[in-house]
Amino acid sequence: MSSATGQIDTDVLAREEQCCPHCGYGIHGLRENRCPECGLSFTWEAVRLKAMQTRAKLFEHFWFTDPVWSMVRTFRLAVFHPGRFWSLYDPNDPPVIISLLFLAALQVLFFLKGWEFVAFWVDPLMNWLGTIFLNPNGRPASFIYTSRIPPNTIVETCAWYIATFLALLIFLQDKGGFLNRCRQTLRVYAHVTLVACLATGSWCLLEAAVDCYYFVSPIQAVPVENDLSQVTPPDRVGPAENPPPFRLGRGRPVRRIASVPQWIYPLLGKVVFAVALASIWILIWAGYRYYFRMSHGWAIATVSMFTGWIATRVLFDVILV
C-alpha cells in the first residue's frame, strides 16, 4: 500500500525491495515518482509488482541465475494458482522477451523428446522389475518403450502451436502497436503450455504403469506339458506321463501372465492429449481473465485454438498435399 505522501508503506516492502522498476536503483524515501538514476518516471504500483516478482522468483526474471527452481515455482503458480500468478504482472510492465522465448523453446523440447527421456529411465527399470517378478530363473524381461506418436503428428502439433499464437494476436487490441501486442501475448502464451508440453512423456509413463499389471497378475500353477520351454529348465523335466508342476523359490508357482488389451495403449494417448488441450484452454482463459482483465477469455481461448486447428488442416491437407 502507498501512503498519503505517495511512498510505499515500509511494512509491506522492505527497504531493499523499494527499487526503481526500470533500473533497480534504490528509491527508499524518495518523494517524487521519478528515478534519480535513470530519470524515468514510475508508479508505486509498478514498484510493488517488481518487488513481488522478486519475492516469487519467477522464471521470466530468474531464468539465467536460477533456472531450475524458478521453473518449478513458475509451474506451480501458473498451473495451480493462476490468479495469484498473473496478479504479479502488469500489462504495462515490459516482458523479458529472451526468457519467454527460452521458456517456449524448452517446452517444445520437452514435447518433442519427452517420450525418449522417460523411456531412457523406464526401459531398464521395467526390465529389472520383470526379471524379479516374472522371470526369477534369470531370463531377461522384454519391456521396450518406443514412441507411438507418428512424426507427422509431432509436426502438425508444432504447426498448430504457432498458428494458435498467431490467432491470439487478433483478439488483443493494444494502443502500443503490433510489437507490444506480440510481446504481451507471448508472455501469456509462453505459460499456457506448461502442462501440455509433458504430454508425450506422460503417455510413456502411463504405458509403463499399465504394464505393471503384469507384476500383480494372478498366480497360477502351470503344468510342465503346457509350456515346457518357458517354465521348465531341462534338468527339471519330470516323466512325460506324469509331469509335476514346476515351482520357483519358496514354493511359489509359475505365473501365467494375462495380456493387457492392446487397445488400451492408444486410448492412453488420446486421454493424455485431451487433458493437454484442456489445460491449454484453461490457462489461456486464466491469462486473459487475470492478466488482460478480459471477462470473455474463455471465448478467446476457444476461437483461437479452433482457428489454429483450421489453419493447420488447411496447411497440411490443402497447401502441402
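User: Why is D66 called partly exposed?

Analyst: D66 has 22% relative accessibility. Buried means under 20% relative accessible area, exposed over 50%, and partly exposed in between (1.4 Å probe, protein chains only), so D66 counts as partly exposed. This is a predicted model, in which local features need pLDDT of at least 70 and side-chain atom pairs count only at pLDDT 80 or more, while totals for chains, interfaces and linings use all residues. Residues are numbered from 1 along each chain as its sequence is written, and side-chain values use heavy atoms, leaving out hydrogens and water.

User: What makes R73 and D66 a salt bridge?

Analyst: The term requires a side-chain nitrogen of Lys or Arg within 4 Å of a carboxyl oxygen of Asp or Glu. The N to O distance between the side chains of R73 and D66 is 2.9 Å, so the pair qualifies under that definition. By this rule the count comes to 5 salt bridges.

User: What are the closest N and O atoms of E207 and R148 apart, and what does the pair tie together?

Analyst: They are 2.3 Å apart, in a salt bridge. E207 lies in helix 8 (residues 199–211) and R148 in the loop between helix 5 (97–133) and helix 6 (151–170), so the pair ties together parts 59 residues apart in sequence. Helices here are DSSP runs (H or I, at least four residues), numbered from the N terminus.

User: Is E207 buried or exposed?

Analyst: E207 is buried, because its relative accessible area is 3%. R148, at 37% relative accessibility, counts as partly exposed.

How values were computed
Helices (H or I, at least four residues) and strands (E, at least two) are DSSP runs, numbered from the N terminus.
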